[in-house]
Every structure is written in C-alpha cells, then in structure tokens.
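Look at the model shown below and follow its helices and strands in turn.

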Amino acid sequence: MQSLSRAQARRIALAAQGFNDPPHAAPTMRTFDRTLKRTGVLQVDSVNVLQRAHYMPLYSRMGGYDTDLLARAQHGTPRRIVEYWAHVQAFMPVDLWPVMQHRMARYRATRGKWWRGVSDEVVRVLVAEIADRGASTARDLEALVSSGPRSKQHWGWNWSEARKGLDFLYMVGDVAIAGRNSQFEVCYDLPERVIPADVLARPTPSPADAHLELVRRAARSHGVASTKCLADYYRMLQAPVKDAVSRLVEEGELIPVAVEGWTKPGYLHRDAALPRRVKARALLSPFDPVVWERERTERLFDFRYRIEIYTPAEQRVHGYYVLPFLLRDELVARVDLKADRTRSVLVVHSAWAEPGAPADTAEQLAAELATLAAWLGLSEIVVGQRGDLAATLAQALASTAGERS
C-alpha cells in the first residue's frame, strides 16, 4: 500500500480544494466555475459578523472578487447553483438536483422530528399558494396556516407553521429555493420555476448510483480522505459510503493509502495532484471545507479548531468568529474578526499564533488582512490587545500602512 507523509497529504488536500490553482487577476465566471468544482458546495449560514459564509470560500481561493458572480450563478441563465441540504444548508451545483432525489425520498418517508406536526392540509395550502403567487417567504404565507401565537420554547426554532411546512416541502423537493430577500429570508418556489428544465428531465439515479456520485465528488474535493471524511462532505451514512468506496477502489478511481498519523486507511483520488509546494495565503471561514471535519483538520494540520459562536463569551478561548490563517501549506494562526461597517473598520478582536508559526506569520497575516479589508470595502484595520500575536500583528500593519502612504 502506498504511504503518504502528513505533509504530502496536506498538500494534496489543499491542491484539491483549489489553493494551488493559478490566480486570475480579475476573477470571472470561469474562475467561479473552477472554484465551485473544487469545493463542491458552499455552505450557507446566517451569521454576518464578517461576511456571509458562502462568499468566504470563494474569496479564500479566488482573492478579491465581485460578489455579483455568486448572484449570477444563482439567478443567471443557465442557473449554475441552487440551495439544498447538501453538506448542511449549502449552494450546490444545480446538476446535483437529480442525485439528491434519494435524500428527498428518505426525508419524505421518515417525515423527520421537525416536521411531524406538519399536516397534509398545511402542505396542500402552501403548495397551492406558491403555485399561484410565485416565490414567497414563510412570512408571506404565515397568515394562511397560522395556528395562533408561536411558542416561546426552543429559542431559535420556534418556527411558524408556514416555516415548518415550507422546510418540509423544501427538504422533500416539492419546492425549491429561488433565492433570498434583503433580510436573508428564503424565497420558495416550485421546482419547475427554479431548476432548469433539462436538469429536471434527467433520470433519477438509483440510491446506490447517487451515493457513488456523491462519494466520487467528495473524494475529488478532498484529494485524500478517510471514509469518515468522505461521509461528512455530503453528510452521508457510513454504510452506503463504504459500499461506494469499495466500488470506486475496484474501478481504480480511489487508491488505498496509509497516511502518517491516521489510524484508518485513507483513499487517494486517482486524479489528485501532489504539488511540491503550496503557495497559499488565505483566511478560512469557520464554514470552509478545509476545516469542516475537525478530526481531519487536526490530523492534517495539527490544528485544534472549534467554533465558539454559541459558547458564552466568558468561556470562549479564542473569540466569537475566529478564522484560521493558512500560510503556504500550514495553518499558522487564528484571528477573531468583525466587519464594523458603520465605522468602516475591520476589527481584529484577537490574534493568536500557532506553536512553531514561521517568522513571517505576522507580516503575511497583515498583508492578507489588508486585502480582506479592501474586498469588504473597509478603510481601516484596528487590532485589539488579546492574543499572543496581537502586538506583532499591529506593528506589521502599521509598517504596511506606512509603506503604502
């Protein structure tokens, strides 16, 4: 069995995610397509303390880009992406719609704990109203199916009857997400008004073939991965993933490998590149595919990472919205960032260096923060005092600002 060092596996993984692709001076839709092919999906999240989650992986790989590219990919002709429960809530290539039919059928059959109280009558009324009026939010439809004041229980999940019904309809594929409004509310519509006709007309793969395609895509996006990594990418069950891996190994698309520090076999995609070096410099969103699977992140980068958004402030170790800093092929630091749009300031609440971080970490991080601030349209960077890298980073930023002035 072929063996890979941790450093080799790390470079393979980063190349698979697009961090070794040649940069485009002005990213175009072609750059977007290439990047989406690398990441497979773009996780969607409502937190907007810095920038919406789905914009950040594109920035990390493409550099400063016009965010209208994402809107054009979603609403243009042909439509390139659509939201669905692909990893979790995520943009996925629209051609995955038929592949997700097995998942939709499973949700319909099990009904799920969130939707057990959704009546057939509520479902019927919602579909009929959307068919008549077009793309609608849950708020638009609340009056139609209201059952009175909402419960105060389950903070964050005390959804209206319309919201619960629409969520069920979305998960089973009876409606699709047409887009979101300015308040980031989901707008639902009939699939035939969202998904291109040629995609809807494609045959539905068998569950086994759908699992195979999802594992194949996960393997391409990972480069090298364990079965657990592959299952996590599209949130699949272990049993069908193992079956798909066996089939892909038999067909020669996946190659079993032993990876330094991994207790279980890894699987290398046959098309994965092993670059001699990776020249990346990027801040990674907490929702970036590189750091989704925490155990994988630790094994590849020796980097323990936890999102602390829902941790009480006094118990947080590194901060509220902490982004790992990728320099070349290592995660060398982390920063807690906020875009203060009112003051046009990129706030660095804290900055921390990893053990053994290279000597140019502060300088490179300062340069990346300046690039990020420019992309976000922020005119100033302010560094707080928290973290062992904060003082050095502030000095590097001051030096960089002095050179620019």
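**Helices and a sheet**

Helix 9 is followed by G173, whose phi is positive, near 85 degrees. This is a predicted model, in which local features need pLDDT of at least 70 and side-chain atom pairs count only at pLDDT 80 or more, while totals for chains, interfaces and linings use all residues. Residues are numbered from 1 along each chain as its sequence is written, and side-chain values use heavy atoms, with hydrogens and water left out. Helices (H or I, at least four residues) and strands (E, at least two) are DSSP runs, numbered from the N terminus.

How many of the 11 residues of helix 9 are buried? Buried means under 20% relative accessible area, exposed over 50%, and partly exposed in between, with a 1.4 Å probe and protein chains only. Nine of the 11 are buried, so helix 9 is largely enclosed by the rest of the structure. Among the buried residues are L166, F168, L169 and M171.

Helix 8, residues 138–145, has the buried residues A138, L141 and V145. They cover an arc of only 75 degrees around the axis (taken from the directions from the helix axis to the C-beta atoms), which puts them on the same side of helix 8. The face turned away from that buried side carries the exposed residues R139 and A143. The buried residues of helix 8 pack against helix 7 (120–133), helix 9 (161–171) and strand 6 (186–189), where contact means heavy atoms within 4.5 Å.

Another pair of helices comes next. Two packed helices are described by the angle between their axes and the distance between the axes. The axes of helix 1 (residues 6–16) and helix 14 (residues 294–301) come within 8 Å and cross at roughly 125 degrees. Axes are lines fitted to C-alpha atoms, for helices over the stretch in contact, and angles run from 0 to 180 degrees between N-to-C directions. Helix 1 and helix 14 are therefore oblique to each other; angles under 35 degrees count as roughly parallel, over 145 as roughly antiparallel, 65 to 115 as roughly perpendicular and the rest as oblique. Helix 1 contributes R6, A9, R10, A13 and L14 to the contact, and helix 14 contributes R296, R299, L300 and F301.

Five of them form an open sheet with mixed pairing, in the order 10-11-12-13-14; two strands pair if DSSP finds at least two bridges between them. Strand 10 (280–283) and strand 14 (380–386) are the edge strands, each pairing on one side only. Strand 11 (residues 322–328) and strand 12 (residues 330–340) pair in the antiparallel sense over six bridges.
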